[in-house]
Amino acid sequence: MKNFVAIVLAAFMLVSLAACEQTESSSPSSTLESADSVQSETKTVSGVDNSEPVELTMVIQTDGIECADNAMLDEAINELLNEKLNVTLNIKRCTFTDTRTNMNLWLSSGEPCDVFNSWFSWNTYKDYYADLTPYQDLMPNALEALGNFISNGYNGDQLLGLPAIKDWVSYSCYMMRKDIVEETGMNPEEIKTFADFEVLLRKIKENHPDMYPLTNGTAGRSTLFTSTVNAREDGTQYMTDMCIGTGLGIGLMDPATSSEVSCMFFSDFYKDTIEMAYRWTEEGLMYDSSILNGFEQVVAGTAAGYGTSYKPGIESQETVSCGTEMVAVCMPDPKDGVLVTNTNFNWGVNKNCKDPERACQLLDLLYYDVDLNNLLSWGIEGVHYIKTDDPNIIEYPEGIDASTVSYYSWGKWELPNNYLQYVMAPSPSNLWEEMDEFNMAAAPSKALGFVFDTTPVEGEITAVQNVITQYDPGLGSGTLEPSKLEEFQQALLDNGVQKIIDEAQRQLDEFISNKQ
């Protein structure tokens, strides 16, 4: 794997690592100053014969709601792609649950699935990705936009994916209805621990007994971030780096200062949190839905807030989604975010794709074409949004809002280049500049750049994942009694979790030794 760590750490610690070699572009913003300038400065690929029409299929995540104008958007997108690449694109829209359940089947069965995102499952899907190394000449704009972050798309010497340009820092928060928080008299900026947060939730429950104060951000996922957060003795929180496999709960519990690998299901924080989750669920302070996302429950008036990932502009973004002003309760504090190796949203080409050259050209277009990005993200100008005097800001047409617009993209944050998307009012015009500063200010994990090779422990990983699926959703959501924790931990040990930890520690130690 390319030396991503040395380059990124140089961006963070110029003094201590001044000897590290750097290229001109260490972050996407250095090559993506504005949407208009990007459109006019893009490179063209010469000597490519696109005379034969090609049909491709691209998988995009949705929240499960079928937008009325999907067909209208598909037609507009294909008008653009037919002109630029002679491509007809079939967009396969599927939910988070559909993807996690069916993606392996789609890929292994040969069902059309040419361009797709790793969607938190890099280690699972990477065997289906084509090696893009021979096609790099077809993706000059994508490679320039990504700069050194391209290293997150490598598996050994193979370039299997192109990382999405988005918020890279691992960080979580809880979005709450501002009016309901104000009723309690509490200042969300002063809430730093779960004990503080519980006081807020109880006051909300007292004021709104028929409402759940807290719910999950994504249907089917736990409300509380038990796998990404740890706590100090005073209860304040900081981010972990669960960098081993997917959903194993194995990684660094204190990533900024220690390279020790452990399993968070054995941590005091996990034990304390599931006991709290059980109590909150029993008392009606929290409810995890398997059907509705958090913003949908807020819109329906059944919940006051939900857990989600933090990034600059999140309050404005969720205000638009919820149709009411939202405020973030940040636990951990933003300064306690951590920069981790991010393979969660790598875009790649199916190794069974019949025309990988055209698929690579499509990926390249997604990293520089403003019109294509905003068609996918916001829809059609004049129908689903209108421009304002600020070239970066858009708003909904008169009489339309987030709840009534006939096209929207729930998963626009997973698209290849977020920095090309217009910003919906009331988000700030300089949102993407703030995002870049946010990305570059976080402390790097000791495992930054490390990608775990699962081959030596594949059997144990499967067994451990099955155990986690059996216990963690219930414990994390507060629907399974905390007394089951010991049974859960023993099942993990019986199925080889320690072998995975030992192998991960060996590989990480070797990785750290080699980069010094």
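User: How much of the chain counts as buried?
Analyst: This is a predicted model. Of its 516 residues, 58% count as buried.

User: And how many helices and strands does the chain have?
Analyst: There are 17 helices and 23 strands. The radius of gyration is 23 Å, close to the 24 Å from the globule rule for 516 residues, so the chain is as compact as a globular protein of that length.

User: What box do the C-alpha atoms fill?
Analyst: Roughly 65 × 60 × 50 Å, along the principal axes.

User: What share of the contacts comes from residues 24 or more positions apart?
Analyst: They make up 75% of the contacts with a separation of 6 or more.

User: How many positive and negative side chains?
Analyst: The chain carries 30 positive and 78 negative ones. The centres of the two sets lie 4 Å apart.

User: Switching to asparagine 293. Where is it?
Analyst: Asparagine 293 lies in the loop between strand E15 (286-287) and helix H10 (294-300).

User: Buried or exposed?
Analyst: Asparagine 293 is buried, because its relative accessibility is 5% and the cut-off for buried is under 20%.

User: Which residues does asparagine 293 touch, leaving out those up to four places away in sequence?
Analyst: Asp63, Asn216, Gly217, Thr218 and Ala219.

User: What does UniProt list for residues 447-512?
Analyst: The unreviewed entry gives "domain: DUF3502" there. In the model, that stretch is 70% helix and 0% strand. Its end C-alpha atoms are 8 Å apart.

How values were computed: Residues numbered from 1 in each chain as written. Predicted model: local features only at pLDDT ≥ 70, side-chain atom pairs only at ≥ 80, totals over all residues. Heavy atoms only, no water. UniProt positions renumbered as here; feature names shortened; annotations may be inferred. Helix = DSSP H or I, 4+ residues; strand = E, 2+ residues; numbered from the N terminus. Rg over C-alpha atoms; globule rule 2.2 N^0.38 Å. Buried < 20%, exposed > 50% of the residue type's maximum accessible area, 1.4 Å probe, protein only. Contact = heavy atoms within 4.5 Å. Lys, Arg positive; Asp, Glu negative; His and termini not counted. Charge placed at Lys NZ, Arg CZ, Asp CG, Glu CD.
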